[in-house]
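User: I am new to reading protein structures and would like to go through one slowly. Could you give me the general idea of each feature and then show me the case at hand?

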Amino acid sequence: MDKLKIIFMGTPDFAVGILDTLYKSEFEIAAVITAPDKPAGRGQKVSVSAVKTYALEKNIPILQPTNLKSEDFLEELASYAANLQIVVAFRMLPEVVWKMPKYGTFNLHASLLPNYRGAAPINWAIINGETETGVTTFFIDDKIDTGAMILNHKVAIDENENVGQLHDKLMHLGCDTVIETLHLIQNGKVETTIQSENSELKTAYKLNKDNCKIDWLKPGKQIYNQIRGLCPYPAAWTYIKDGENEWNVKIYDTTFIEATHTYTIGQIISGKKEMKIAVSNGFIQIDSLQFPGKKKMQIHELLNGTSIGADAYVK
């Protein structure tokens, strides 16, 4: 079999972990493809992807196409004469791209496919209260995350783990899984499994402002899972209403305390060092949060200089 010559496609930090492992392995990286630079933040300063930053440090050739079907890009991609492509947290590829290399294009997805296809599999596994998840490698086809599976490996989700912690755990597992997949391809020993299809499959929907907003009418454990499934990014949020003041606040670290009480759902109970919010079956204790225009604060920092009224509530 030919020596593997790889094009790597990815954008965020998760992809960098895999790229770094690949770079340190015996496999050859011909080039990386990542998202174009774009203005970001209030100052519209040009932001580059985490994968580009890494590739620049390692002097790996970089392609940043805005149109994956353009003739110029396809000619440049073909010029590298890669025989395999690896995709980690990138975008949907046109057939002309994923079919280009001799040994195909495989994707590393951060879930146990066919469950949690989509943009945010790590977040939704925690939000939905799963106790295990994993990673899957599969050959790309013409749909999103539906191709024939090569390998999958499981990992437990700890009861109080947040998405940042699970992200790192899955990244390390993904590194090993990608290298294992490459050895199978290199040795001609790949055996694939077709993904099952049924109406009960869970989807990893793209996160947006609506599905990141906390619904305080839900049971406490569901609220807690949503908050940790969005911590530290993009963060669950809510409105805090205190008299005439109303703030859009991001909620980060919390604790769920199961208890019976007579408080109104959504009422804020605060003292000198703690703040908790009444839910139907207990309280969500707020350990850290962020007010608009402010840095993230531990709750004792906030309460050291701010008093919350007795009638304050979330909505």
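User: Does Trp237 count as buried or exposed?

Analyst: This is a predicted model, and everything we say rests on its computed coordinates. The general idea is that a residue is called buried when its relative accessible area is under 20% and exposed when that area is over 50%. Trp237 has a relative accessibility of 8%, and therefore counts as buried. Tyr239, with a relative accessible area of 24%, is partly exposed.

User: How should I read a pair of aromatic rings, and how many aromatic pairs are there?

Analyst: A pair of aromatic rings is described by the distance of the centres and the angle of the planes. The count here comes to 5 aromatic pairs. In one of them, Trp124 and Tyr205 lie 6.2 Å apart, centre to centre, with 85 degrees between the planes, which is an edge-to-face arrangement. This pair links distant parts of the chain, as Trp124 belongs to helix α5 (residues 121-127) while Tyr205 sits in the loop between β11 (203-204) and α7 (209-212), 81 residues away. Trp124 is buried, with a relative accessible area of 12%, whereas Tyr205, at 51%, counts as exposed. The rings of Trp237 and Tyr239 also form a pair: their centres are 5.1 Å apart and their planes stand at 85 degrees, so this pair is edge-to-face.

User: Which residues is Tyr205 in contact with, if its neighbours within four places in sequence are left aside?

Analyst: With those neighbours left aside, Tyr205 is in contact with Ala120 and Trp124.

User: Now for the sheets: what is the strand order in the open sheet of 5 strands?

Analyst: Strands of a sheet pair through backbone hydrogen bonds, either parallel or antiparallel. In the open sheet of 5 strands the order is β19-β18-β13-β12-β20, and the pairing is antiparallel. The edges are taken by β19 (297-298) and β20 (313-314), each of which has a single partner strand, so one side of each is left without a neighbour in the sheet. Strand β12 (residues 236-242) is joined to β20 by 2 bridges, the two running antiparallel, and Ile240 stands opposite Val314 in β20.

User: And what is the order in the open sheet of 4 strands?

Analyst: That sheet has the order β14-β17-β16-β15, again with antiparallel pairing. Its edge strands are β14 (254-258) and β15 (268-270), each pairing on one side only. Neighbouring strands of this sheet are turned against each other by 25 degrees on average, direction ignored. Between β15 and strand β16 (residues 275-279) there are 3 bridges, and these strands run antiparallel; the bridge partner of Ile268 in β16 is Ile277.

User: Which helix packs on this sheet?

Analyst: Helix α8 (residues 220-228) packs on the sheet and touches β14, β16 and β17 (282-286), its direction making about 170 degrees with that of β14. This helix is mostly covered, with 7 of its 9 residues buried, including Ile223, Tyr224 and Ile227.

User: What is a nonpolar core, and which residues have the most contacts inside the largest one?

Analyst: The idea is to follow buried nonpolar residues that are joined through their side chains. The largest nonpolar core has 41 residues, and those with the most contacts inside it are Phe8, Leu22, Ile86, Leu170 and Leu182. Helix α6 (residues 163-186) supplies the largest share of this core, 10 residues. Leaving aside neighbours within four places in sequence, Ile86 is in contact with residues including Ile6, Phe8, Leu22, Phe106 and Leu182. Apart from this core lies another, of 33 residues, among them Cys212, Trp216, Leu302 and Leu303.

User: Lastly, how many disulfides does the structure hold?

Analyst: A disulfide is a covalent bond between the sulfur atoms of two cysteines. The structure holds 0 disulfides. Cys212 is in no disulfide, and the nearest cysteine sulfur, that of Cys231, is 12 Å away. Cys212 is buried, with a relative accessible area of 5%, and Cys175 also counts as buried, at 6% relative accessibility.

Terms used:
Residues numbered from 1 in each chain as written. Predicted model: local features only at pLDDT ≥ 70, side-chain atom pairs only at ≥ 80, totals over all residues. Heavy atoms only, no water. Pairing = 2+ DSSP bridges. Axes fitted to C-alpha atoms, helices over the stretch in contact; angles between N-to-C directions. Contact = heavy atoms within 4.5 Å. Core = buried A, V, L, I, M, F, W, Y, C linked by side-chain atoms within 4.5 Å. Buried < 20%, exposed > 50% of the residue type's maximum accessible area, 1.4 Å probe, protein only. Disulfide = S-S within 2.5 Å. Phe/Tyr/Trp six-rings, centres within 6.5 Å; stacked < 30°, edge-to-face > 60°.
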